[in-house]
Amino acid sequence: MSSLLLRLSSKTSLRKLSLRCRHSTLRMFSSSSTTTNPYLMYSLIHYGSCLDDIDVTSTVHYFDPVKEDEIIVRDKAFPMELRNTSLVGMSHGWGVFNVETGDGRHKAVYVSDYCNPCGSKPNPKIIPLHPMYPIGKPNITQLRLITNAAMTCSPDQSKDFVVAANCLGLEIHFFRPCGKTDNYSGLGFKTESHFFDQSKVMYSKRDKKFYTPSVGGHLLGFWDSCFEDLTASKIHELRFCNLPEVTQSEWELLDSCSPPTVHLVESPSGQRFLVKWYAQNYKPGERMTFLCRGTKHFMVFREEEDMNMCYTEDIGDLCIFLGRSEPFCVKASSFPGLNPNSIYFAGDGFGVYDIATRKPRSFRPKSPSAFSTTPLFPYWIPPMPL
C-alpha cells in the first residue's frame, strides 16, 4: 500500500502532445500505432502549494521497459478533489485514491485517470466511489487501510464498472458507481480466514470474478462481479503439481527471504498463472534504488483443470508485470524489445526476471539521470490506446 500523500498539478492532451525526455522529445511509439508500450509510473514532482494555490503543476516520470529509458510528462494538472489523498492502487491505468479526514479516518474513495499517460492533462477524470452499504449496516472505516485494488474494466470502456478495494486485515470492499440496486452502490465483505491478510486482489475477464490468493498461495477466494450472491467469498483450496527440484543453496536463499507475496495474473487469452515473489527485507535506513536488490526469486504456476497449479518455467511469448498495481500480462512479440518468458517487477527491487534461467537483472536505463531519485510509485500501466 502506498500511503504517501499526493500534492498536485496542471495542462493538455497527450494524444496531441509529445512526451518529453530530460534531454530530448519523443513521441510514444510501440509495435502498434494505436497503443503505448507498458509503462512504469515511478515518480511525481509537484510545484506550488497544495493548500493555497489553485493551479499547481506536476511532472510525472515514467519508465518504458521496451526502450529501457525514462519518459517525462510535464505540466500535469491535478484536480482539487484529489488534494491530500493517498494513491492506494491502480488498475487499467486508473489510480484509486483514498481521501481521509483530518483525524485519519476514512472519508471517500475516488478513481481518476490522472496517472494515465494518455489521460487529459488539463482535465483528468475523477469518479467518486462513496461507500454506501445495505440499509441497516454500519459504515466501515477500515477503508483507510486499502492495500491494493482491481477493476472490471476502464471507466472509459463502460460506465457500469466495479472496483474491488482490498484492505489491511480481513476486509474487501466493492463499489459499483452505476449499481442497479437502490439500496447500495458499495458492498463490504469479511474474508473467512486470516490467511487472506494483506493479499492481492485481481479481476478475471475470462469468468467475470474477482480473485484474491491467500498468504502462501494455498487458498483462493473469489467473488462474482455481478453480486448475485451477496454472501461472503467462496474459497477454493489449490493443489500444486510438478514442483521444481530446489538445491540446498536455493533453499537457503528462499529461507533468507520474507514470506512470498502471491499474485494471480491472467493472460490476454485467458490463461491464468499464480506467481510467488521472494524478496529480502531492506535494512533499516537502507535506500531503495532502481536495482533488483530485494528480489531474489519467482515461482510461476500455470493453472490447469480444476484450478490445479502446475509449476512451469515456460510461459511462452508472455511477459508478466508485477508491482503495486493490478498485475497484467502482454505478448512480448506485440512490443519488440520486451523479453518473452519474463516477469517485469517493481517494488521489492526493480528489474526483469528470466523465468527459464531463474535470474533477475536490474533495468539499464539509457538516460544517465533516470532514476536518480528513489522511486516512490511502483505502478505498472498496461498498454493504452492513443
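## Nonpolar core

The largest nonpolar core holds 22 residues, of which Met 41, Tyr 62, Leu 87, Met 90, Phe 97, Tyr 114 and Cys 115 touch the most other members. Such a core is a set of buried Ala, Val, Leu, Ile, Met, Phe, Trp, Tyr and Cys residues joined through side-chain atoms within 4.5 Å, and buried means under 20% relative accessible area with a 1.4 Å probe, protein chains only. Strand E3 (39–47) brings the largest share of this core, 3 residues; strands are DSSP runs (E, at least two residues) numbered from the N terminus.

Leaving aside neighbours within four places in sequence, Met 90 is in contact (heavy atoms within 4.5 Å) with residues including Met 41, Cys 115, Ala 149 and Trp 380.

## About the model

This is a predicted model, where local features need pLDDT of at least 70, side-chain atom pairs count only at pLDDT 80 or more, and totals for chains, interfaces and linings use all residues. Residues are numbered from 1 along each chain as its sequence is written, and side-chain values use heavy atoms, leaving out hydrogens and water.

## Cysteines

With a disulfide taken as a pair of cysteine sulfur atoms within 2.5 Å, the count is 0. The sulfur of Cys 310 lies 3.7 Å from that of Cys 241, its closest cysteine sulfur, which is too far for a bond. Cys 310 is buried at 17% relative accessible area, and Cys 319 is buried at 0%.

## Largest pocket

By class, the lining of the largest pocket has 19 nonpolar, 15 polar and 9 charged residues. Here Ala, Val, Leu, Ile, Met, Phe, Trp, Tyr, Cys and Pro count as nonpolar, Asp, Glu, Lys and Arg as charged, and the others, Gly among them, as polar.

Methods
Buried < 20%, exposed > 50% of the residue type's maximum accessible area, 1.4 Å probe, protein only. Helix = DSSP H or I, 4+ residues; strand = E, 2+ residues; numbered from the N terminus.
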